[in-house]
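Keep the viewer open and follow along.

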Amino acid sequence: MADADGAPPRYSTSTDQTRTTSRTTSCSTQTTTTTGTMDPGSPTTKLLKAALPAPPGTYVIQIPKDTIYKVPPPENAKRFEQLTNKNPGGGRSRRCCGGGARLWLCASISFFAAFLFLIATAVGVFCLVVRPESPRFVIQSASISGFNSASGPISPRFELAVAAQNRNKKMEMLYQPDSSAAVYYNGIELAAGSIPVFEQGTEKSTNFKTVLKGEGIVLTGAVRRSLSDGENRGAVPFRLTATAPVKFRLGAVKSWTVTVKVDCELTVDKLTAKAKTVSQKCDSTAKIW
C-alpha cells in the first residue's frame, strides 16, 4: 500500500516479512509498520527479486550445448582474427611482421631463381658458341706382369701407353689431379692407378704412360682356368675404366671442373711384358654440368 505522499511501499523478499511505511514532515516523523505474508509466486515478488542485486557467492551458469563454438562463427571470424593479431605493446602486429618475413623470403627466392636462370643462359650460350667435345683415348700398347702364381694370390701390373686427343677447336684442356683408373677381368678388379696431370692444346694429341698395380688378389680356380684358356686362344679380354677431372680454357678464361669418364675394352694375346694388343675400343664422356 502507499502512504499519503504517494511513495510506493518497500518490501523484503522473505515469505514472512515486515512491511514498513515511513513519512517525514517538517515537524515530526511518523512510521507505521505492518507485518504480513506475501506470495512467492506473485508478480510483485518476482519483480522485486529481479530488481534487487544478487548477494555475493558462487553461481553455476548453464549454457545450451548448441550455442558453444570451438571456432568463432563465420560472422565473427574477421573480428576474432583482428583481436588475436593485436599487439598489446602498441607496435606492429604479428601479421605485419609475418607479412614482412614472407615478403623477404619471396624476394630471396626470386633473386635466386633469376641468378640460376642467368647461369643457365650463359652456359647454354657457351655450349652453342664453343661446342665443347669430350677427348678421345686410344690404348697403344700394354705390358702385363704378375700372373705367374699358379695357386696363391697374385700382384698384377699393367703398364699402358695411351694417346689422348683434344678434339676441341677453340678450347684447351687441363687435366687436374685426383684422377682414377682401374683394370677388371670378369668384374674382378685386378689393378688400379691414375692418369697423369698435363695440359693439352686445341686439336692436339698427347701420349702418356700410366701404371696400374694390384696386390694380394685372390682368384678362384674358375677364373684362373678362364685366364689360361684365353691366353691359349690368344685373346684375353680386360675392361679399363678411368675418371679424370678436367678444366677447359678459352683464352684467359677457365671453366669449372668437368668430369671426364673413360670406358675401354682391351684384348691382349698373352699375360706377359711382351703382350700385344689384339683389339681396343674406348668411349669417353664429359659432363659440362
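Does Phe 198 count as buried or exposed? At 13% relative accessibility, Phe 198 counts as buried, because the cut-off for that label is under 20%. Bear in mind that what you have on screen is a predicted model, so every value here is computed from predicted coordinates.

Let's start with the cysteines. A disulfide is a covalent bond between the sulfur atoms of two cysteines. Search the whole structure and you'll find one. The partners are Cys 264 and Cys 282, with an S to S distance of 2.0 Å. Find Cys 264 in strand β12, which covers residues 258–268, then look for Cys 282 in strand β13, residues 277–287. The two cysteines are 18 residues apart in sequence, so the bond ties together those two parts of the chain. Look along the S-S bond and the torsion comes out at about 115°, which is why this disulfide is called right-handed.

How much of each partner can a probe reach?

Now for the aromatic rings. A pair of aromatic rings is described by the distance of the centres and the angle of the planes. The count here comes to five aromatic pairs, and we'll visit two of them. One is Phe 147 with Phe 158, an edge-to-face pair with 6.1 Å centre to centre and 85° between the planes. Phe 147 sits in the loop between β3 (136–145) and β4 (157–165), while Phe 158 is in strand β4 itself, so to speak eleven residues along, and the pair links distant parts of the chain. Both Phe 147 and Phe 158 are buried.

The other stop is Tyr 175 with Phe 198, the residue we opened with. Their rings are stacked, at 4.2 Å centre to centre and with 20° between the planes. Tyr 175 lies in strand β5 (residues 172–175) and Phe 198 in the loop between β7 (188–193) and β8 (199–200), so this pair ties together parts that are 23 residues apart in sequence. Tyr 175 is buried as well, with a relative accessible area of 2%.

To finish, go back to Phe 147 and Phe 158. Together with Tyr 185 and Phe 238, they form one aromatic cluster.

Conventions:
Residues are numbered from 1 along each chain as its sequence is written. This is a predicted model: local features need pLDDT of at least 70, side-chain atom pairs count only at pLDDT 80 or more; totals for chains, interfaces and linings use all residues. Side-chain values use heavy atoms; hydrogens and water are left out. A disulfide is a pair of cysteine sulfur atoms within 2.5 Å. Helices (H or I, at least four residues) and strands (E, at least two) are DSSP runs, numbered from the N terminus. Rings of Phe, Tyr and Trp (its six-membered ring) pair if their centres lie within 6.5 Å; planes under 30 degrees apart count as stacked, over 60 as edge-to-face and the rest as tilted. Buried means under 20% relative accessible area, exposed over 50%, partly exposed in between (1.4 Å probe, protein chains only).
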